[in-house]
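I opened my notebook and went through this structure one item at a time. Here is what I looked up, in the order I looked it up.

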Amino acid sequence: MNIQFTYLPGDGIGPEVGAAAMAVLQATTQRFGHTLEAEHHLVGGAAIDAGEKPLPETSFESCQRTGAVLLGAVGGPKWDHLKGADRPELGALLPLRKRLNLYANIRPCKPYEALLDRAPLKRDRLEGTDFVVMRELTGGIYFGKKGRDAEGAYDECRYSESEVERIAIKAFDLAMTRRKKVTSVDKSNVLETSRLWRETVERVASRYPQVELEHLLVDAMTMHMLTRPTAFDVVLTENMFGDILTDEASVLCGSMGVIPSASLSDAREDQRVVGMFEPIHGSAPDIAGQGKANPLAMILSAAWMLRLSFGLNPEAAAIETAVEQALASGDVTGDLGGTLSTDQVGSQIADRVRRAT
Ligand code: ATP
Ligand code: MG
């Protein structure tokens with residue numbers, strides 16, 4: 001297969017972890033007899049520095065054409081003085097999600113054995129934790145009307161029934177491939193959007209009789225995630241609650257340098273799901289350019305791209321196994337207590353994939 005995708009290295013450590021992921025993708029595609037065709041494009045601060053808009057049309061067109069995007073990180077203090085849509089985040093990241101209709105954001109929470117003792121919770125409480133957060137990504141308060149008036153400021157939160165329905169379907173479909181439980185998180189004791197959310201989720205749930213559904217209020221969920229993380233399978237929630245809960249979930253995994261994410265749309269005519277894959281961490285300007293960045297989250301994001309955008313399961317699994325082996329043998333960067341550089345971790349995972357039988 002020809003694996004044609006758009007590569008957006010972006011800012012800060014994005015290009016560094018991106019180079020490591022590209023080395024692993026090269027090794028994987030060679031090993032499995034595919035060809036790799038990466039379309040490199042600018043995005044975010046890197047685009048601004050090149051005299052372009054944060055999301056140049058050529059970059060967007062490539063994303064739209066390939067339907068598979070591997071993204072490093074966007075933004076950093078260098079561009080903090082810019083306002084509104086001139087900013088890397090508001091001018092590149094949110095428009096990319098909206099224009100590609102990437103409404104389903106998926107982040108896993110499954111602590112690696114090798115990192116269990118780095119997490120803030122005790123091992124006996126964490127062991128067996130394996131859930132996925134399904135976050136709505138293109139609606140809600142982040143995309144509502146915002147502004148200032150005589151009384152102060154406002155941010156409008158809106159959800160249509162169809163927006164809730166399509167993300168709920170994604171969550172239930174995913175649960176059917178897992179332990180068949182959906183935990184829907186809202187604030188329906190206060191918010192009207194949450195009442196619509198709950199009603200709609202109930203209706204979708206009636207089409208999935210084998211899946212157990214529970215509802216939790218978001219404030220309670222922040223506690224349950226710490227006190228009984230093993231109780232969850234698929235956690236379904238709206239945009240802002242998901243933003244907050246996924247950062248909390250990442251702490252359970254011992255390091256955010258190891259967590260990938262996928263933002264998905266529906267399948268196109270050729271049956272391929274449109275997706276953007278990126279680590280959950282940001283551009284980490286404090287360590288950029290020093291070869292210290294942990295590339296595992298980016299490498300795992302590349303594996304997810306192979307699986308979810310191209311249906312290449314054994315290829316993705318080979319990368320995931322190599323990452324597990326590297327973690328178990330301590331061949332990692334300084335943030336995880338190792339001594340390897342970003343590049344060294346990348347080439348070492350690439351070697352493991354090449355040697356895998
Ligand atoms: P953003 O707004 O883009 O999310 P941020 O500053 O909020 O950026 P990160 O860029 O994720 O958050 O960085 C948070 C901290 O974690 C920083 O100290 C950074 O150095 C560290 N960090 C983030 N990613 C990595 C990584 N891949 N390897 C090592 N350390 C990392
Ligand atoms: Mg951040």
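**Entry 1: an annotated aspartate**

In which helix does D219 lie? I found D219 in helix α8, which runs over residues 218–227. I kept in mind that this is a predicted model. The cut-off for exposed is 12 or fewer.

I then looked at what UniProt says. An unreviewed entry carries the annotation "binding site" for D219, D243 and D247. These residues are spread over 29 residues of sequence, yet they cluster in space, with a largest C-alpha distance of 14.5 Å.

I looked up D243 and found it in helix α9 (residues 239–252). D243 has 17 other C-beta atoms within 10 Å and is partly exposed. D247 is found in helix α9 too. With 12 C-beta neighbours inside 10 Å, D247 counts as exposed.

The unreviewed UniProt entry also has a "binding site" annotation that covers R97, R107, R135 and D219.

**Entry 2: a closer look at R135**

I picked R135 from that record. R135 sits in strand β5, residues 131–136. Is R135 buried or exposed? I noted 28 C-beta neighbours inside 10 Å, so R135 counts as buried. The cut-off for buried is 20 or more.

Which residues touch R135, apart from its neighbours within four places in sequence? My list reads N105, T237, N239, G242 and T246.

**Entry 3: helix α1**

I moved to helix α1, residues 14–31. This helix has 18 residues and reaches 25 Å from its first C-alpha to its last, close to the 26 Å expected at 1.5 Å a residue. I also wrote down that 14 of the 18 residues of α1 are buried, so the helix is largely enclosed by the rest of the structure. Just after α1 comes G33, with a positive phi of about 75°.

A21 has 31 other C-beta atoms within 10 Å, so it is buried. Which residues are in contact with A21, leaving aside its neighbours within four places in sequence? They are L70, P295, M298, I299, S301 and A302. For a comparison across the model, I took D117, which is 96 residues from A21 along the chain; their C-alpha atoms are separated by 26 Å.

I wanted to see where a positive phi turns up in residues other than glycine. K180 has a phi near 60°, and it is not a glycine. K180 is in the loop between α6 (161–176) and β8 (181–186). With 14 C-beta neighbours inside 10 Å, K180 counts as partly exposed.

Q271, also not a glycine, has a positive phi of about 75°. Where is Q271 placed? I found Q271 in the loop between β11 (260–267) and β12 (273–279). Q271 has 7 other C-beta atoms within 10 Å, so it is exposed.

**Entry 4: around ligand 1**

How many residues surround ligand 1? I noted 15, and the closest are G257, H281, G282, A284 and N294. By class, the shell around ligand 1 divides into 7 nonpolar, 6 polar and 2 charged residues.

**Entry 5: domains**

Last, I looked at the whole chain. The unreviewed UniProt entry annotates residues 2–349 as "domain: Isopropylmalate dehydrogenase-like". This span is 41% helix and 21% strand, and its end C-alpha atoms lie 22 Å apart.

The domain assignment of the chain gives domain 1 (1–101 + 258–357) and domain 2 (120–253). I noted that 25 Å separate the centres of domain 1 and domain 2, taken over C-alpha atoms. How many residues does each domain bring to the contact? Domain 1 brings 7 residues and domain 2 brings 6. On the side of domain 1 that touches domain 2, I counted 3 nonpolar, 2 polar and 2 charged residues.

Technical notes: Residues numbered from 1 in each chain as written. Chains lettered and ligands numbered in written order. Predicted model: local features only at pLDDT ≥ 70, side-chain atom pairs only at ≥ 80, totals over all residues. Helix = DSSP H or I, 4+ residues; strand = E, 2+ residues; numbered from the N terminus. Expected span 1.5 Å × (residues − 1). UniProt positions renumbered as here; feature names shortened; annotations may be inferred. Contact = placed C-beta atoms within 7 Å. Near = placed C-beta within 6 Å. Nonpolar A, V, L, I, M, F, W, Y, C, P; charged D, E, K, R; others polar. Domains from an automatic or database assignment.
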